[in-house]
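Hello,

Here is the structure I promised to pass on. My notes follow below it.

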Amino acid sequence: MNSSLHSMPEVRESAGLAFSTLYKSAGMQAIDEIVPTLLHALEDDETSDTALDGLKQILSVRTTAVLPHIFPKLVRLPLSAFNIHALGALAEVAGHGLNFHLGTILPALLSAMGAEDKDVQTLAKEAAETVALVIDEEGVEYLIAELLKGAGDTLASIRRSSSYLIGFFFKYSKLYMVDEAPNMISTLIILLSDSDSSTVEVAWEALSRVIGSVPKEALPSYIKLVRDAVSTSRDKEQGKRREDQLSFQVSVSQKLFSHCFRYFFKEQAALGLGELIEVTSEKALKDFVIPITGPLIRIIGDRFPWQVKSAILSTLSILIGKGGMSLRPFLPQLQTTFIKCLQDSTRTVRTSAAFALGKLSALSTRVDPLVSDLLSSLQVWHQMLVFGEAILTALKGVLKHAGKSVSDPVRVRVFQSTQGFNSS
């Protein structure tokens, strides 16, 4: 019996060492005579396990020389359950040499993860996970390249498998992955607009895992990237509205933007949210109106620069147009906030607040009190043209959006008060 096929582990281990010695003297001839025998034995149910162990022993001592002869044989399609098992087992002992064969192994495993046979699916998933976890730092570049290629494949099953493995890798790998995260986040956000709903769901989970692996202090640097990815996703799916996918986009992006509101870059986060809301339908946005609106109102009440306030007012204005009646619970808070901002020292903030207040009035059932408050403010700030201008703009907006709800007596007051202001 070939000693590499011996049933006793210690004999096979000795055979592996003997092979190393033989390779030193005979070179390729040693591989040509022994490895084919072991590969052939893999196809026999009675000898397959022993042959696999023999190959592992040989790999442990001569990885670089032997791998090119093994992997091409094992990845022939369609992959059998045992060959998939063998790929995973050999990957564990392949070490550094595995990096250069990821382009051979991963495409085959990603394909098998979408096979109809459930056993093959499970084994391929386990083998792919093993491959992802055993690579070293130098192999990350090769792995990422294959996963990105898979994420852009024409087959939905490959895109889905790649998305899963991206999430798995970022959650469980012990390697430092922060530098690779931006590319993955961008890729996965775009996949949230995929035509295959199952792929969208897997991409969403993967994206959550990738973002979860990034230290919170590094997240602000990804704001522009997320905004660009959302824009790309919008352009890619122009004219197509799939509500469940848009909800996934809003959810993950809202979490990222909201986190950055809390710690960093509030202006960029607000602008990013505004862009996201703008490309999202009212139906997809419905579940996120409350989680988005609350933090915006709290932040604009704090002492932040005018740029932050202006960005938040712009986003709230977009949200009012898209969120509609879902914003009703926030009506009193929003109205108070906007009126206060009409007296801000910066014109941009005052103007933004005036336009937002006008749009908000369309949701109100009691417009007369709002108009009365604005008229009272106009009288107080009669001599301050900069503030009076903002109040007049707000009044104009209220009449435009909710004019039908204004009573005749209040209309007369508006006419009289504004005439007096203009004449001054």
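Alanine 112 counts as buried because its relative accessibility is 8% (buried is under 20% relative accessible area, exposed over 50%, partly exposed in between, with a 1.4 Å probe and protein chains only). Please note that this is a predicted model, where local features need pLDDT of at least 70, side-chain atom pairs count only at pLDDT 80 or more, and totals for chains, interfaces and linings use all residues. Residues are numbered from 1 along each chain as its sequence is written, and side-chain values use heavy atoms, with hydrogens and water left out.

Alanine 112 lies in helix H6 (residues 102–112); helices are DSSP runs of H or I, at least four residues, numbered from the N terminus. Leaving aside neighbours within four places in sequence, alanine 112 is in contact (heavy atoms within 4.5 Å) with Leu79, Ile84, Val120, Gln121 and Ala124. Its C-alpha atom is 9.8 Å from that of alanine 128, 16 residues apart along the chain.

Glycine 95 follows H5 and has a positive phi, near 65°. In the loop between helix H4 (63–74) and H5 sits proline 78, joined to leucine 77 by a cis peptide bond with omega about -5°.

Best wishes

Key:
Helices (H or I, at least four residues) and strands (E, at least two) are DSSP runs, numbered from the N terminus.
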